Structures are given as structure tokens and as C-alpha cells.
Amino acid sequence: MKKNTKISANTKKRLESTENYINGMFGIHSKINVLRVDVGYTNEFSQEMTIEDLNKDINHMFNNMRSKPTLFDSKIGFLIKREEGETKGPHAHIIFLYNGQETQKGGYLVDEIGKYWNNDITQGRGSYHNCNRNSYKKNGTGIIDHKDTEKRKILLENVTSYLCKDEQNIQSSSDDKINRLFTRGTLPKEKSTRGRPR
């Protein structure tokens with residue numbers, strides 16, 4: 001598969017802002033547990049679902065996080081890339097950033113989030129893939145120490161960079177629509193130093 005070396009202005013802007021966001025998080029937290037889960041819908045329902053349906057379900061999950069402290073209490077950030085495939089239908093790649101001082105079992109936590117997506121959020125219509133259980137040659141998920149420059153580089157170059165790229169197969173993909181398909185959290189105020197005992 002040929003790599004497209006041309007980078008749009010929008011992609012470049014997202015890459016730069018995401019790098020600043022990730023580095024800013026490491027400036028606050030000594031360890032970050034990086035969780036990646038891909039969420040979508042089962043074959044039975046995927047073709048009838050829309051990006052709007054996906055957004056509604058994602059918003060539902062995020063709005064419910066306070067009522068699920070065992071899953072989300074240590075979450076400190078996130079990145080979401082929404083896509084629409086001919087066979088998979090609407091789906092999203094989500095990176096959750098957790099306080100690495102408070103959470104260790106990334107793979108287990110992703111499975112619990114995936115089950116929550118499948119059973120509660122989508123009422124049995126959903127599907128998920130736990131990327132933390134994949135065997136990557138260059139692994140940028142799991143616990144990353146702020147001093148681990150190599151793993152932080154892999155996180156930016158191999159994990160978050162994919163989420164920043166323009167999606168080519170979205171019909172009527174105006175710049176505005178493409179920008180709305182990618183969202184991420186914001187850096188907390190300076191007073192938040194939770195999780196960074198150095």
C-alpha cells in the first residue's frame with residue numbers, strides 16, 4: 001500500500017495541536033496509560049447507522065462517564081476519529097488517556113469499556129476492538145512514563161497521527177465536516193497536578 005506523502009494544511013494543524021496536547025499531558029502526569037478502542041456496530045446494524053447515530057452514541061457514553069466511575073474516574077483525556085466505511089459503516093477510533101498512577105490494566109479496562117459500549121450505550125447493536133491486546137512491533141499503547149522519549153515518539157508517530165489524517169472515503173467531505181470528525185480533549189488548567197509526584 002502506497003503512503004500518501006501529501007499532507008493537507010488541516011492534517012498538519014491537527015498533528016501539531018495533538019502533539020502539543022499529548023506533550024502537555026505528560027507535562028502534568030508522570031505516567032499515562034494509553035488505551036485505544038475502536039467502536040462501531042455489528043454487521044446486522046452497521047449499514048443502517050449514520051455518522052449522526054455514531055455521534056449520538058459517543059456523546060451518550062461521554063455524558064454517562066460520571067455514573068461509571070470504575071471505568072472512567074481516572075480518565076484524563078481523549079482523542080476521537082470518526083470514519084465511515086463501505087463495509088463497516090460508521091465507526092470511531094478512540095484513544096483514552098488515563099492517569100498511569102491510578103490505572104495499570106489497560107487491556108482489561110478497554111474490554112470493560114467495549115462491553116459498556118456494546119450492551120449499555122448501543123443496546124446490543126455495537127461492536128468493539130481492543131487495540132491494547134494487539135501485538136504491535138512499535139507499541140504506543142499502555143503505560144508510558146514521561147521520561148520514555150522513545151515510546152512517546154511511537155505514540156505520536158504511530159498511534160495518534162492516524163487519527164489526525166483526513167478521511168478520504170467520507171462523501172461530501174468538506175474541510176468543516178472533516179474537522180468535525182476529529183475531536184480531542186483540552187489541557188486542564190495549570191493548577192491540576194494530579195498524578196505527577198516527581
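What follows is a set of questions and answers on this structure.

Guide: This is a predicted model, in which local features need pLDDT of at least 70, side-chain atom pairs count only at pLDDT 80 or more, and totals for chains, interfaces and linings use all residues. Residues are numbered from 1 along each chain as its sequence is written, and side-chain values use heavy atoms, with hydrogens and water left out.

Visitor: What pattern does the protein follow along the sequence?

Guide: Helices (H or I, at least four residues) and strands (E, at least two) are DSSP runs, numbered from the N terminus. The protein has seven helices and six strands. Read along the sequence, the pattern is α-β-α-α-α-β-β-α-β-β-α-α-β.

Visitor: What share of the residues counts as buried?

Guide: Buried means under 20% relative accessible area, exposed over 50%, and partly exposed in between (1.4 Å probe, protein chains only). Areas come from the Shrake-Rupley method with a 1.4 Å probe, and for residues only the protein chains shown count as cover. Of the 198 residues, the buried share is 48%.

Visitor: How many residues apart in sequence are the parts tied together by Asp 57 and Arg 125?

Guide: A salt bridge is a side-chain nitrogen of Lys or Arg within 4 Å of a carboxyl oxygen of Asp or Glu. The side chains of Asp 57 and Arg 125 meet in one at 3.9 Å, N to O. Asp 57 lies in helix H3 and Arg 125 in the loop between H5 and S4, so the pair ties together parts whose separation in sequence is 68 residues.

Visitor: What is the relative accessible area of Lys 81?

Guide: Lys 81 meets Glu 83 in a salt bridge (3.6 Å, N to O). Glu 83 is buried, at 6% relative accessibility. Lys 81 is buried too, with a relative accessible area of 3%.

Visitor: Which residue forms a salt bridge with Arg 133?

Guide: The closest N and O atoms of this pair are 2.8 Å apart.

Visitor: Which helices each supply at least two residues of the negative patch?

Guide: The patch on the surface gathers Glu 16, Glu 19, Asp 148, Glu 150 and Glu 157. Patches are made of residues with over 30% relative accessible area and no salt bridge; like charges are joined within 9 Å, nonpolar side chains (Val, Leu, Ile, Met, Phe, Trp, Tyr) within 5 Å. Glu 150, for one, is partly exposed at 48%. The suppliers are helix H1 (9-28) and helix H6 (149-164).

Visitor: Where is Gln 123 found?

Guide: Gln 123 is not a glycine, yet has a positive phi of about 55 degrees. At 61% relative accessibility, Gln 123 counts as exposed. Gln 123 is in the loop between helix H5 (106-121) and strand S4 (126-130).

Conventions. Lys and Arg count as positive and Asp and Glu as negative; His and the chain ends are not counted. The place of a charge is taken as NZ of Lys, CZ of Arg, CG of Asp or CD of Glu.
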